[in-house]
Amino acid sequence: MKVAVLAETAPGETRVAAIPETVKKLAGLGAEVAVEAGAGRSAGVSDEDYAAAGATLASRAEVLQGADLILTVSAPEAAALAGAGQGATLVGLMDPFARRDAVAGYAGAGLEALAMEWMPRITRAQSMDVLSSQSNLAGYKAVIDAAAAYGRAFPMMMTAAGTVSPARVFVMGVGVAGLQAIATARRLGAQVSATDVRSATREQIQSLGAKAIFVEGVAGIEGEGQGGYAGETSEEYRKAQAELVSSHLAKQDIVVTTALIPGKPAPRLISDAQVATMRPGSVIVDLAAGAGGNVEGCVAGESVTRHGVTIIGATNLARSLPADSSALYARNLFNFLSAFWDKEQGKPVLPDEDEIVKGIRLTRGGKIVSERLA
Ligand code: NAD
């Protein structure tokens, strides 16, 4: 069983799909691990570190030659994987809806493609959940970036020269990223409030010491919503939410938005007119920028100023913490592979009827097999 770990080629990708710890564990399962030279450089892992963990370092062509399993972060096109073994399994982030041609390419090349971002959100798969591990870091980094762009301090400071008041931070969308944003802003000493459409988040917000700002009297999403995710809200709810947010926003210094609805554009939570009510010098970090943005005027991948307010269109913030994001991603991958590892066959065996396999398998035997892509 040969496992190939590739150096990433996608623009801006800083992460790597294996770290020395997971290489050692894969070798412990009996796999032969080949790592492309330089693969860990941007994540702070040297070739020597991989070699010491038991990997063979080689060129891309040599690493791919006869590989049974190819580990990637941002999966490259099939054409960049020539030389892999017949029916090899490709694991990575595939962005399947946006990259349908690439998925068709995997099928055409006879690869079995597994999209880690489609890992079902079930208890058994929690340790394999790459969206959670990367969102957690993104939520942290959003607050750090906001603090860096903000011309004031976060904590209250009582000094001989007078008092510095604490920053007021508002987090909109309290999933994995939002919870970490609340916790990080609290650690920095800010006064934090947060909102979500899922009523189940109210207690989570309060348990982190933040104030829960909720639309009262109009149903949002009861409990957890479908699969733990939010759905779209009613027109009546959106109107009530906009009014509530308007009065609250004008008093905030920092806003972090993270609201996403799977398979839909990001909901618009802040209008340009609402941005205009904020104090100049305030900062908004929009973590949904890549999905269309929660904030009007937000530009994905850029920082713009509207009405004196800095709006950061954050995309893929986990990439700016490459050592940690790689380590968590690599462990997610290992946890997935080891859960399906068959000791006798010395490789992972993926049963067709397994909920995890059904969720993440895109192609097999020359065909696209994912129901979501049908
Ligand atoms: P997400 O990234 O899809 O969305 C972020 C947040 O935005 C969500 O909390 C969502 O409710 C909220 N949102 C959507 N529309 C909104 C609106 N109009 N206004 C305000 N907020 C809005 O979510 P996520 O971080 O991936 O997590 C979603 C849920 O899944 C959470 O309950 C999380 O705890 C759960 N989860 C479960 C597992 C597991 O059991 N394996 C793993 C990870 C996450």
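**Notes on a predicted model: loops and helices**

1. N316 is buried, since 20 other C-beta atoms lie within 10 Å of its own, and a count of 20 or more is what the term buried requires. The structure discussed here is a predicted model, and in it N316 is placed in the loop between β15 and α10.

2. Helix α10 (residues 322–339) can be considered together with helix α1 (residues 20–28), for their axes come within 9 Å and cross at roughly 15 degrees. That angle makes α1 roughly parallel to α10, because angles under 35 degrees are counted in this way, and the crossing of the two helices is left-handed. On the α1 side the residues that meet α10 are T22, K25 and L26, while on the α10 side they are A330, R331, L333 and F334. Sorted by class, this contact of α1 with α10 holds 4 nonpolar, 1 polar and 2 charged residues.

3. Helix α6 spans residues 176–187, which gives it 12 residues, and the distance from its first C-alpha to its last is 17 Å, close to the 16 Å expected at 1.5 Å a residue. Its buried residues are A177, G178, L179, Q180, A181, I182, T184 and A185. What covers these buried residues includes the helices α5 (130–149) and α7 (201–207), together with the strands β9 (168–172), β10 (191–195) and β12 (254–257). After α6 comes G189, whose phi is positive, near 95 degrees.

4. A250 is located in the loop between α8 (235–249) and β12. Is A250 buried or partly exposed? With 13 other C-beta atoms within 10 Å, A250 is partly exposed. Once its neighbours within four places in sequence are set aside, A250 is in contact with T277 and M278. A250 and V275 are 25 residues apart in sequence, and from C-alpha to C-alpha they are 8.1 Å apart in space.

Definitions and conventions: Residues numbered from 1 in each chain as written. Predicted model: local features only at pLDDT ≥ 70, side-chain atom pairs only at ≥ 80, totals over all residues. Helix = DSSP H or I, 4+ residues; strand = E, 2+ residues; numbered from the N terminus. Expected span 1.5 Å × (residues − 1). Buried ≥ 20, exposed ≤ 12 C-beta atoms within 10 Å, placed from the backbone. Contact = placed C-beta atoms within 7 Å. Axes fitted to C-alpha atoms, helices over the stretch in contact; angles between N-to-C directions. Parallel < 35°, antiparallel > 145°, perpendicular 65-115°, else oblique. Left-handed = near helix turned anticlockwise from the far one by under 90°. Nonpolar A, V, L, I, M, F, W, Y, C, P; charged D, E, K, R; others polar.
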